[in-house]
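Reader: Hi! Could you walk me through this model, starting with the charged pairs?
Author: Happy to, here it comes.

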Amino acid sequence: MGALRDWNRSLQYVNLIKQSRIWGSPSTPWDGNATFNPITGWPTNDFGVVIATNNLDMGGKYFFYAKGNANISTIDSLSIYITDQTYDKSTNTLTACINVPQGQPGIILSFRNTTGPGLQDMVFLQSNYNLTSKFNVTNLMLTHLSRFNLIRFMAWTDTNNNPEMHWNETTSLSWPQYTPPKHNPWQTIPLIINQFNKSIDIWINIPFNASDNYILNIAQLMSNELNNKTIIYVEYSNELWNRGFSQAKDNLYAANDSVRNHGDPLHLNYDNIKDIHTWAFRRTAYQIKRISDLFKMIFGNENVGSWKRIRPILAGQTDKPHVIMTGLDYLNDQYGAPSTFLHGIAIAPYMTLGKYRTWSNLTTDQVLDVLNSSIQRFLPEQGWSQQAPLGVHGIYAAWYKLAVYAYEGGPDTSSGCQDCSLEAKINATRHPRMIDLCKIYLNGWYRFGFEIFNWYVAGAGNIELSGTWNLLEDMRQETLIDTTKMFNSSSPVAQLPRPSPKLNAIDQIRQSSIKTNFGISLPSVNFNATNFMNHQIPYPDPDLRNLNLNMTFYYPLQILQPFIHLNLTVYVAGNSGILEASINNAQFIQIQTPKTANMTIFQAAPLIQFNINQTILSSIVTLRLKIVENGYSIRSFDVL
């Protein structure tokens, strides 16, 4: 769910005051210079307010209500006019109708000659609503969201660069505006979710600086107010690897400070690696464990963890699997199996324009072609080499018995420059080919056997230099209800595809059944051991040779039945040594490998047997081979 801003086209609240910019002066409302009561948040004298900007068509009749009196006028638009302005002295109530013509992109108002302590309890209602709905999210937004099984609230609660530490710093429901420096109150999440007539799960992001008390308050709020069928995914902050956000820099600093100045209480440097970035990745993992432990205090141990109601998630970077791998290994080494604390991992596999994002004079077809090329590396057919990060993440998550999610994803066309083929990017977003691209993209994700893909971002937004993120350009592209009476045939909205190509693709994928086809099919004979997780391409040798102690090799085995008895035979050459095989961080079995005539004569090692009990089908389990005592090479293995 997108952030709440005056320029966001989703217009989520019935009362648009909620999304308005901080109060400004009457002549320049965007300057944020009005005085307001620090307790109530309402302006104390004359002021202006930016209610909405950057929309395609705000045309319609809006109703204004407030306690107090003032003269209302418009800013930057002679075509918006005010009618039926009335002040009732007996109730100290001001009402008016704000009439906005078709095609008007925004609404900015000025209030002068304000009486008393200033206007209070202001409401600016969207068309066809009354005051009884003033606290609600619009029916159109709820309808749009109702198609999904999971809603992520990262942007909604302004996770990025969020300085909040204590619960008393959060925004109360009674505060007039939920935009920066304030944020949507946490209470709005259960208020939204409880309105649906089906079970929709939530994904919440804990601010970087949140204290234990802050986290416990969130947990208690969700326990008290959220319907008890809703599953809660919990993530620590957002993109702590992304130096574009303050929390990533703060995490690096906090990890370094913890190790160097406080005696390393979190054991971030337990192996004396002395790498600050490794410490930071481990600190991220520790923090989600901490959050998991705190949620257990409210929901109970039995309700937090893998496939339970509370599902903590460790997020990382798509193209750098070592970010998550480092965190999982740290948890496993220092605190025990990660599945004790976590439910899964998450990445953000955006399709992108890569080096072409800043090119000028791209055509619409070229934009679509490049996006299509970027999708190919995210398909299961790419396997699990260094060039296939989704496969690598899938194998390592399975090793620790964790699920895989996309915390974000979609087409990323961001460039930041004025002449970087913006028109072609706009046309590509609207083009019918985008439907098939998005279907291939999502189909590929689910063919890995992965879990829910969170599209960034639901709702409506402008296509601009910073990207084409939203599913819609205008909420009236929604087709689950008839929106055609909400605009005229001459409106700019009428020129948009309905539904939008991206939403069209998502709805088709939601209604389809997708078969998993990732991993090594069973039975498998003479599988090349050089095709291990994260191998380089091309691999320099025909077999695994020059093996050092404690080297490990991971392989995904595709499981289609709940109970399987596996027989593993590994083919080795050279001196006798000790080889360990294991499945999903368990069933560790060591064998003595046979001695052969030389390093080119391969012989079967003793049989290794595993019992697999897999509850989710089809899925993968991860086989690991570990060199315990070296001196031999490995060519291949059979799994029967």
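Author: A salt bridge here is a side-chain nitrogen of Lys or Arg within 4 Å of a carboxyl oxygen of Asp or Glu. By that rule Arg 433 forms a salt bridge with Asp 365, with the closest N and O atoms 3.2 Å apart. Arg 433 lies in helix H10 (residues 433-447) and Asp 365 in helix H7 (residues 364-376), so the pair ties together parts that are 68 residues apart in sequence. Helices (H or I, at least four residues) and strands (E, at least two) are DSSP runs, numbered from the N terminus.

Reader: Before we go on, what kind of model is this, and which pLDDT limits apply?
Author: This is a predicted model, where local features need pLDDT of at least 70 and side-chain atom pairs count only at pLDDT 80 or more, while totals for chains, interfaces and linings use all residues. Residues are numbered from 1 along each chain as its sequence is written, and side-chain values use heavy atoms, with hydrogens and water left out.

Reader: Thanks! How many salt bridges does a search of the whole structure find?
Author: The search finds 19 salt bridges. One of them joins Asp 158 and Arg 5, whose closest N and O atoms are 2.8 Å apart. That pair links distant parts of the chain, 153 residues apart: Asp 158 is in the loop between strand E8 (150-152) and H2, and Arg 5 is in the segment before strand E1 (47-52).

Reader: Is Asp 158 buried or exposed? And Arg 5?
Author: Buried means under 20% relative accessible area, exposed over 50%, and partly exposed in between (1.4 Å probe, protein chains only). Asp 158 counts as buried at 8%, and Arg 5 is buried at 17%. Back in the Arg 433 pair, Arg 433 is partly exposed at 28%, and so is Asp 365 at 40%.

Reader: What about Arg 545, which partner does its side chain meet?
Author: Arg 545 meets Asp 543 in a salt bridge of 2.9 Å, N to O. Arg 545 is partly exposed, at 34%, whereas Asp 543 is buried, at 5%. There is also a network of salt bridges that links Arg 147, Glu 478, Asp 507 and Arg 510.

Reader: Now a lysine: how far is Lys 296 from the nearest side chain of opposite charge?
Author: Lys 296 is buried yet has no salt bridge, and that nearest side chain, Asp 293, is 4.1 Å away. For charge, Lys and Arg count as positive and Asp and Glu as negative, while His and the chain ends are not counted. Lys 296 sits in helix H5 (residues 276-299). Leaving out residues up to four places away in sequence, Lys 296 touches Asn 301, Val 304, Thr 340 and Phe 341, contact being heavy atoms within 4.5 Å.

Reader: Switching topic, which residues of H3 are buried?
Author: They are Tyr 214, Ile 215, Ile 218, Ala 219, Leu 221 and Met 222. These cover an arc of only 160° around the axis, which puts them on the same side of H3; the arc is that of the directions from the helix axis to the C-beta atoms.
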